[in-house]
Amino acid sequence: MNRTLSKGARLGTAIFTAALAAGMLTAVAAEETGADGTGGIGSQSSMTKSVLKDENTYAPNTTLNFTLTPGTGKPASGGQPAIYDGIPGGVTLDSGDFVFAPQDSDIGKAKVSSSNGITVHLEKFSKPGIYRYSVQETIPGTPYDGLSYNTEPKTLDVYISADREGCLNYTLIWTDADGCKGTGEFENTYETGCFTVEKTVTGNQGDRNKTFSFTLKVDGAEGEQYKVLLPGGGTGTMVSGEEFTVTLKDSQTVKVYGLSANDVYTVTEDDYSSDGYSTTVSVNGGEAEETRTTTGKVPKGGESCIDFTNCKEVTPPTGLLMDTAPYAAMIVLAGLFAIFLRRRRREE
């Protein structure tokens, strides 16, 4: 039979009573910070996996897995009570899978979390005592890009006590890998970067108020989403593998967040050559190339800046005088010849 946690007051009374009866008062008092880190003798019936991230980044689209296994006890020494090996099946995770998926509510948060319950099967324990278990994250064969994994196990000690009627109660105490008191929260870090596209219009015929259309795409993990900061402060959302269109005028920018190091972005501008515009692209201040498409990756946790320059330059005609000069010279010569003939006739 499974039993849920008692109310705080009843649980505290049960633990102290059991501690006095079983000689465990020293051990319990040493843990008075509690499993939940709030002070007092705490109990925790769940564990939490949290992912730390940039506030402009969606949660990764992945499932993180944990195992809870019986740990190794140790004999009593130095006034500390004995700790028993964990009883197989005595404590279980309701699920070892902690599921994460992008949601609109992720934006603006520096941490997203997923929790699962912990069940203590009291029928597995035949006597009061402290029973040790180990909880550890399972590292997948193909790690999720940009996500760090917590490789250090935590210790979960289960304090089993009995009241005067012989009914068993429990409290859970967490200890971090460094031996310090801990909580049932495991943290991972999701490191992402961003890229910015800027529009520049040049040339004596360049229209600074003209809108230029772009197609953006990011190829990342399936189901990943990316926040888009639009010109004017609006926002949008891109989905991995899907195209996103946006228009920019001179000096305007669009910014895309949430790319991990192996995500590939592609930015393509529509063709405006029929309107007399040439297009060049420069990435991170590098040499400009004559192209309408650029593809690349964002530095780990960094930013890429992509400048699209459209130039429309028209040279005013300067060859008109040279083209008509021969004809003008012929007219002048003809006039001079006519004057010469007229004078000669008068002389005759």
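**Salt bridges in the predicted model**

In this predicted model, the count of salt bridges comes to 10. Side chains of opposite charge can pair when their charged atoms come close.

**A buried pair between strands**

Arg 132 and Asp 157 form a salt bridge through their side chains, with an N to O distance of 2.7 Å. Arg 132 belongs to strand β7 (residues 129-138) and Asp 157 to strand β8 (residues 154-162), so this contact ties together parts that lie 25 residues apart in sequence.

Arg 132 counts as buried because its relative accessibility, 19%, falls under the 20% limit. Asp 157 also counts as buried, at 3% relative accessibility.

Lys 210 and Asp 275 form a salt bridge in which the closest N and O atoms are 3.7 Å apart. Asp 275 sits in the loop between β17 (264-269) and β18 (278-283), while Lys 210 sits in the loop between β11 (193-202) and β12 (212-219), so the pair ties together parts 65 residues apart in sequence. Asp 275 is partly exposed, at 33% relative accessibility.

**A partly exposed pair between strands**

A salt bridge also joins the side chains of Lys 255 and Glu 303, at 3.7 Å from N to O. Lys 255 lies in strand β16 (residues 253-259) and Glu 303 in strand β21 (residues 303-311); the pair links distant parts of the chain, 48 residues apart.

Lys 255 is partly exposed, with a relative accessible area of 21%, and Glu 303 is partly exposed at 35%.

**Shared partners**

Methods: Residues are numbered from 1 along each chain as its sequence is written. This is a predicted model: local features need pLDDT of at least 70, side-chain atom pairs count only at pLDDT 80 or more; totals for chains, interfaces and linings use all residues. Side-chain values use heavy atoms; hydrogens and water are left out. A salt bridge is a side-chain nitrogen of Lys or Arg within 4 Å of a carboxyl oxygen of Asp or Glu. Helices (H or I, at least four residues) and strands (E, at least two) are DSSP runs, numbered from the N terminus. Buried means under 20% relative accessible area, exposed over 50%, partly exposed in between (1.4 Å probe, protein chains only).
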